[in-house]
Amino acid sequence: DAHWAAVGEDWFRTLGEMKGAAMKLGQLASQYADVLPPGLAAPLARLQKDAVARPFSAMEPVLTAQWSSVQRAEVRRICPEAVAAASIGQVHRATLIDGREVALKIRYPGVTDSVDEDIVTLGRLLRMGKLLAIDGPALDALLDEVRARFREETDYRRELDHLRRLRREVAMAGVVYPAPVESLCSEAVLVTEWTPAPDILTACDYPQTVRDRLGERLLAWSLRQMLVAGVIHADPHAGNFGFHADGRLTVYDFGCVRQISPE
């Protein structure tokens with residue numbers, strides 16, 4: 001286990017620096033914790049929430065390319081330290097000129113250009129290492145699905161559409177969605193109102209009655225998506241939810257939302 005823990009730490013650092021599809025596959029692998037060596041699975045799971053952010057100086061050119069001078073003037077201040085980093089982009093807190101606090105999600109430069117190369121490379125490593133207990137055709141299908149979904153997730157205009165749809169069709173008491181600031185959203189920038197919430201580790205210390213209420217709300221929200229709206233938030237790891245002590249649930253990250261047919 002000590003050997004796999006060292007390997008896992010190396011993968012965490014390497015995939016976290018690579019970002020893009022490589023990091024996404026590391027996140028995916030971490031969800032197979034039941035078939036991975038425990039020492040390997042634990043560091044990979046940190047890719048869901050603890051990825052290393054890039055300096056703001058590396059992200060600012062994206063804003064320059066995506067925003068007009070009028071849009072840039074709507075923002076009073078951007079905090080240079082990222083509050084979260086993921087496989088496709090990272091989030092900075094910002095303040096608009098009207099005083100609103102917002103979350104500014106910026107896509108990493110060049111991330112869309114490396115998708116195919118990253119997936120081919122990681123697929124080769126997964127086959128050589130025999131880390132997932134699935135056969136070749138199943139792994140090919142899995143990688144094809146990841147490639148297709150990843151390409152969708154790199155376009156933040158689609159994420160904005162998904163957020164609009166869930167706010168409209170899966171509106172529920174006790175479920176909070178960040179409100180988008182549409183005038184500042186683009187292909188590589190997504191801006192929503194700042195909606196902080198406690199994470200799942202904090203929720204573990206809530207009374208049992210509160211945890212039961214949160215579980216019931218999460219289940220009801222999932223069923224309403226599928227059976228009423230015909231969609232599903234398809235990236236439901238713990239880092240994409242906030243769990244309030246009063247039983248409310250906040251939902252984040254709408255890059256991967258799938259349509260479900262009635263059949």
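Because the model is predicted, local features need pLDDT of at least 70 and side-chain atom pairs count only at pLDDT 80 or more, whereas totals for chains, interfaces and linings use all residues. Residues are numbered from 1 along each chain as its sequence is written, and side-chain values use heavy atoms, with hydrogens and water left out.

Helices (H or I, at least four residues) and strands (E, at least two) are DSSP runs, numbered from the N terminus.

Strand 1 (residues 75–85) pairs with strand 2 over 6 bridges, and the two form a hairpin with 3 residues between them. Within this pairing, Ala94 of strand 2 is the bridge partner of Ile78. Strand 2 is joined to strand 3 (residues 101–107) over 7 antiparallel bridges, with Thr95 opposite Glu101 of strand 3. The hairpin of strand 2 and strand 3 has 4 residues between the strands, and Gly99 takes a positive phi near 95° there. Strand 2 (residues 89–96) is mostly covered, 7 of its 8 residues being buried (under 20% relative accessible area; exposed is over 50% and partly exposed in between, with a 1.4 Å probe and protein chains only).

In helix 4 (residues 56–66), the buried residues are Phe56, Met59, Val62 and Leu63. Seen down the axis of helix 4, these residues fall within an arc of 105° and therefore line one face of the helix; the arc is that of the directions from the helix axis to the C-beta atoms. Ser57, Thr64 and Ala65 are exposed on the other side. The buried residues of helix 4 pack against strand 1, strand 2, strand 3 and strand 5 (189–193), where contact means heavy atoms within 4.5 Å.

Axes are lines fitted to C-alpha atoms, for helices over the stretch in contact, and angles run from 0 to 180 degrees between N-to-C directions. The axes of helix 8 (residues 156–169) and helix 10 (residues 208–229) come within 11 Å and cross at roughly 95°. The contact involves Arg165, Leu166 and Glu169 of helix 8 and Trp221, Arg224, Gln225 and Ala229 of helix 10.

Note on methods. Pairing = 2+ DSSP bridges.
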